[in-house]
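Me: I have a structure open and would like to go through a few parts of it. Can we start with some rings and then look at a helix?

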Amino acid sequence: MVSLRKAASLFLIVIISLRIAASDDIYFSKIGIEHGLSQLTVMSIYQDELGTMWFGTREGVNRYNGSSIEVFNPVQSDTNSLGGSNIKNICGNQAGQVFIQTPGSINEYNLYTGQMQIIDRNTVTDAIAYGKNCLWIAERNTLYSYCNGKKKSYLAFPTGTSATKCIFQSSDERLFIGTISSGVIVIDQNKKSRTALGDCSPVSSIFEDSKKNIWIGTWQNGLYKLNNDGSTENYTATNPLSRYKISADFVRAIAEDNNGNIWVGTKNGLDKLSIESGIVKHYSADESNDRQLSNESVWALTKDKQGTIWVGTYFGGVNYFNPEIDFYTFHNFTNGSLQNKPYPIISDIIEDENNNLYLCTEGDGLIYYNPKTKIYKNYRTETSNTNSLSTNNIKTSYYDRANHTLWLGMHLGGLCKFDTKTATITRYSKVKPEWEQSDVVRAIIPYHNKLLIGTYNGIFSFEPETGVFEPLRIKGKELVRYCVDMKLDDKNRLWIAGNGLMWYNITTGASKTYQPENNDSTSIANNGIIKLLIDKHHTMWVATSGGGVNRFNEAGHNFVRYDSKHSGLKNDFISNIRESQYGYLIVTTTHGFSILDAENNKTFNYGIENGLPLNSLYNGGICVTRSGEIYIAGMNGMVSFFEENLTVPHRPYTVNLINLSINNMPVKPGDKSGILKQSLPFTREITLDYTQTMITIEVASNNYIPANRPIFRYKVEGFSNQWTTIPQAINKLNFMNLSAGNYMLMVEAVSPVDGLVVASTNLKIVVKPPYYKTWYAYIAYVLLVLLMIWRYLIFNHSKVLLKTSLEYEKKQIEHIEEVNQSKLRFFTNISHEFRTPLTLIAGQVDMLLQMHKVQPAIYNRILSIKRNTANMQNLINELLEFRKSEQGHLTLKVSEHDLVKFLYEIYISFSEYANFRQINFNFECTDEAIPIAKGSI
């Protein structure tokens, strides 16, 4: 009975291990509702020439660019929107057109214009497929071709042929028509048809492999293969004569990977047919394991341009993987004795001489694991068994290969010895019972025939034969009171990590302590030391919490720091460190692990973002086996890989600029903004005006391999010549307030391994200036300035002319004034000269008038002479008064006069002369006097 029970247990373990082995080779990445997928049932998958993935669901079409999903659904008011939500098939011509089949219409999406149109509506379309040069459409037993916007009847199927389920055009341009109940019909180039496969259930898919064999999937009869030699093979789940035993006879999708393996999607999961070996490997769904398929019912399979296989599932969304690059092997321990428990925290990993692994866990004891068979066995503490582990929390270990002994350092359990030959356990529970926490063992190293034990309360020397612990002392004092790790170098220096770092020379007794110095970058980074490592060159490495990795410089007794700032480490909080077979350092952190090439100061980081299936490596163990396989444990599992596989050759892909927003408004081809004439990926230049100040451009690539993920960077020539690295989670570039000018946006994908540019794209951005800064505005400004200068010159010229004219006029006036003054002086002088003879004449006249013997007639004439002389003197006086008027010295004197008397005196002056000339000259006046008032002058 006992032997039977053991056999049953062994059989159960083998079955579990086989299940683990069958499901751990492929890591499925997933796209679901949380990523923006409109519905979880994915019935068709297509990749266009830009590398964008199209998913047909029951709630519209989803277009996935690697970072975001755009959903297309019918719009009631738009006759050119999608004709229906239930998507049957998606295909395309790889030249800008994507064709979408719904139950009542066929839609065409133009990648260049971003426009959707219905090319066939209100028809019962059975199937569509794009062949060599046209779209093939099956409707009511008639095959149509659609090319250059024209639909033509190509061939009518024979009467009685059942409805078409799928269409496929082979490389030799033959058409394969899969039907519901009439099998598969082949039509050659001359429109001659024959039945290639009859008497089968509804045909779901037809596929041609790289060797020109035709594979046919059916609903009830499994998978058929039409060989080149004309023979037919049938692979089923139930037929005992079938060469390949697939998981189910309901086959929906077929694909081939780059290695020639055939992948078959069935209602029970995914099968891989290795043609050369004849082995079928099955991948099913498991809700408890997110590495497996999200749903076992597979509806669609497609291989993209990088060799990634895309899987559309029923209510499981999209799953995808690359069978060539998924080099991590995930080791599952959630079955057997650890079933229904969280994944064990593995603090240390030890390989024995038979390549078996011993996993030291924190809470689940010791796990023996055979990597080949995937069988594991768990050793735990047992209350009533003193030969079991003292506690289930193991902090450290040391393997004595010569004696096949595994020494385990326990948390609050002292020391345990595990004999790998007999699987027996011996406890040494109390290191120093009276010392608190002395039974928390953190480090075990051999020294001669003893073990040095580092605890939370000092370091002890342990004699395995007697089981006696003795404190390690310096001059009678304990060496340290706290230890987390220790190593012994080739100079007999015992390096101790505790509250800082120190070494103690066991031979000479010398010691030295190292502490961080705030202003000294050559000091140790901090006292939070996690692990110590001595590499094959006898160099001491110190892993710290928050200070990265520190290398001890023997010559200067100082340290060289390798951290995220100076060396590109993924994180400065180190949890473990090991040396690889090639001499690199394997450094684990909370965010993944890094391979540090200290000699060249290069770091290569690996995490979830580039395919590592572990979300955190905090406190996880590392083991480099003799075969070179590296085991790394984390919070949610353990993976293994070979160092050579980390340098994955980059698969070709492209980088595209896919979406444009201006001032936070999406820009589409042909919209009112007029910016895009065609979709952004096909646009090489955009022109913006000065009001369009906020620019957002989304970047995407058709690289869907996490391990192949590059570093993206960009620069804007004309603005800055510096490359800026785009953070992993960011896929949008934002620019604000670009001044007027020409810019070139350049985006590159750079390999993190060798720094080579893998893919690139660019976009010219022309920002037009405001109207007052345009070229014609500047021409107007120049013309205006020239006009002003011309007017200024004209004004100056006129001013000069006016000044010259005024000076000439002034000289003329001065000349005239001088002439006038000369005349006045002449008249004044001559007037003075006139007065002298007149005065003499007047004197003579007065003398004549005083004579008594003058006749009256003569007397009257003398009076006339006197009167005229007086008048002449008055005129001369007036000339002299005029001179005073010119000089402003004339004073006006106003008096009253009799006009009659004044006129009569004039009459008397001319009467004799008029008489002499015999002129009748009389004076008549009606008034005796006419006075002239003072105010009338």
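Me: Are Trp136 and Tyr154 buried or exposed?

Reply: Both Trp136 and Tyr154 are buried (under 20% relative accessible area, with exposed over 50% and partly exposed in between; 1.4 Å probe, protein chains only). This is a predicted model, where local features need pLDDT of at least 70, side-chain atom pairs count only at pLDDT 80 or more, and totals for chains, interfaces and linings use all residues. Residues are numbered from 1 along each chain as its sequence is written, and side-chain values use heavy atoms, leaving out hydrogens and water.

Me: How many aromatic pairs are there?

Reply: The count is 53 aromatic pairs. Rings of Phe, Tyr and Trp (its six-membered ring) pair if their centres lie within 6.5 Å; planes under 30 degrees apart are stacked, over 60 edge-to-face, the rest tilted. Trp136 and Tyr154 form an edge-to-face pair, 4.8 Å centre to centre with 75° between the planes.

Me: Which parts does that pair tie together?

Reply: Trp136 lies in strand β11 (residues 135-139) and Tyr154 in strand β13 (residues 150-156), so the pair ties together parts 18 residues apart in sequence. Strands (E, at least two residues) and helices (H or I, at least four) are DSSP runs, numbered from the N terminus.

Me: New topic: where does α4 bend?

Reply: Helix α4 bends by about 35° at Phe910; the bend is the angle between axes fitted to the seven residues ending there and the seven starting there.

Me: And which residues in α4 are buried?

Reply: Val900, Tyr907, Ser909 and Ala914 are buried in α4.

Me: What follows α4?

Reply: Gln918 follows α4, and its phi is positive, near 60°.
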